[in-house]
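Here is a brief report on one protein chain.

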Amino acid sequence: MNVIRHAVIATLLVASVTLGAQEQSNDLNNETVQASAPRGCPSVLPFEVDMPLLDAADQALVREALNLDATQLFPVCAFYAHSNSNRNKDWIEQYIPSDEIAPDPKDQDQVGWRLLSIEGREPKARELSRYEHRGGTLYPESTLDELVDFSALKVIEREPHRVIFQTKPLSQFLEENRAKQLDEHVVTRIVINSDTRRLEQVSTALDSEVRPNAFMKVYAFKQSLNYSFVPEVGEVILTELDMNADVKFVVVRRNFYLSARIYDFSCPEVLQPQTCPEPEPRDTD
């Protein structure tokens with residue numbers, strides 16, 4: 001999907017979370033989806049985390065909704081991605097699964113993709129060339145266990161059908177993405193449907209204005225990742241993303257925004273693997 005990498009500390013956080021959610025996409029294949037659930041493979045190995053602020057029932061709910069036990073099986077799918085941002089409006093990309101090995105080593109773990117249109121027009125040659133190495137994994141998954149601090153995860157609200165958890169991004173994650181200055185100001189909330197035991201939303205926002213350095217002030221920042229159960233895929237996956245950041249550089253104040261939608265999934269049986277590769281281990285450090 002379209003990748004936003006603004007050189008802004010406030011948006012580095014969203015860009016990094018978005019990369020997990022955005023740079024992973026493929027596209028619509030016109031073959032008929034089989035009536036039975038498509039075959040899939042686990043993407044990662046089970047992941048052990050400590051959640052000392054939660055009781056056993058809430059820990060089990062989080063593990064199931066965030067697939068920490070790697071029980072969900074994701075098939076090879078195709079779909080469209082439509083996004084709007086400061087940089088591009090009505091940007092539509094098409095991702096197509098392929099079993100061909102890419103000639104460029106940097107693309108060999110990616111699925112195929114095609115840039116369909118920008119603002120309703122066909123992309124120019126330079127625009128196609130600029131993004132020729134982008135791609136995604138087999139489905140739009142956000143590995144939240146690599147981003148959020150489970151040791152700080154706590155329940156802040158219980159509704160009849162939802163539980164709302166709150167935590168913060170991992171300090172290591174912020175430091176790696178040059179956003180360490182936001183460590184004490186970023187709040188992440190995770191909304192889980194307690195009936196279906198499925199992830200619904202992950203939102204990240206600043207709890208106050210921040211001045212990372214003498215030349216910059218971040219007035220506001222919020223990102224929302226919305227998840228839905230997609231029947232064609234057979235699992236809950238990221239389907240919507242919205243981000244807004246209000247930032248001032250010296251005397252210039254700007255608003256950065258990004259909205260994205262992922263839709264028209266197709267997971268034809270012919271593309272599904274007959275055997276599953278060994279899942280990638282998760283970093284537990």
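## Overall make-up

A contact means heavy atoms within 4.5 Å. In the protein chain, residues 24 or more positions apart account for 63% of the contacts with a separation of 6 or more.

This is a predicted model: local features need pLDDT of at least 70, side-chain atom pairs count only at pLDDT 80 or more, and totals for chains, interfaces and linings use all residues. Residues are numbered from 1 along each chain as its sequence is written, and side-chain values use heavy atoms, with hydrogens and water left out.

The chain has four helices and 11 strands. These are DSSP runs (helices: H or I, at least four residues; strands: E, at least two), numbered from the N terminus. Of its 285 residues, 50% are buried. Buried means under 20% relative accessible area, exposed over 50%, and partly exposed in between (1.4 Å probe, protein chains only).

## Strand pairing

Two strands pair if DSSP finds at least two bridges between them. β9 and β10 run antiparallel, joined by 14 bridges. They form a hairpin with four residues between them. Glycine 234, in that turn, has a positive phi of about 85 degrees.

β10 also pairs with β11, again in the antiparallel sense, over 10 bridges. Two residues separate the strands of this hairpin, and valine 250 takes a positive phi near 55 degrees. Glutamate 240 links both pairings: its bridge partners are asparagine 226 and, in β11, arginine 261.

## Nonpolar cores

A nonpolar core is a set of buried Ala, Val, Leu, Ile, Met, Phe, Trp, Tyr and Cys residues joined through side-chain atoms within 4.5 Å. The largest holds 38 residues. Val62, Leu66, Phe150, Phe165 and Ile192 touch the most other members. Elements that each supply at least two residues include α2, β5 (162-167) and β6 (186-193). β10 gives the largest share, six residues.

A second, separate core has nine residues. Among them are Cys77, Phe79, Ile237 and Ile262.

## The disulfide

The structure holds one disulfide, defined as a pair of cysteine sulfur atoms within 2.5 Å. Cysteine 77 is joined to cysteine 267, S to S 2.0 Å. Cysteine 77 lies in the loop between α2 (56-65) and β1 (78-85), and cysteine 267 in the segment after β11 (252-266), so the pair ties together parts that are 190 residues apart in sequence.

The torsion about the S-S bond is about 100 degrees, so the disulfide is right-handed. Cysteine 77 counts as buried, at 1% relative accessibility. Cysteine 267 counts as buried at 1% too.
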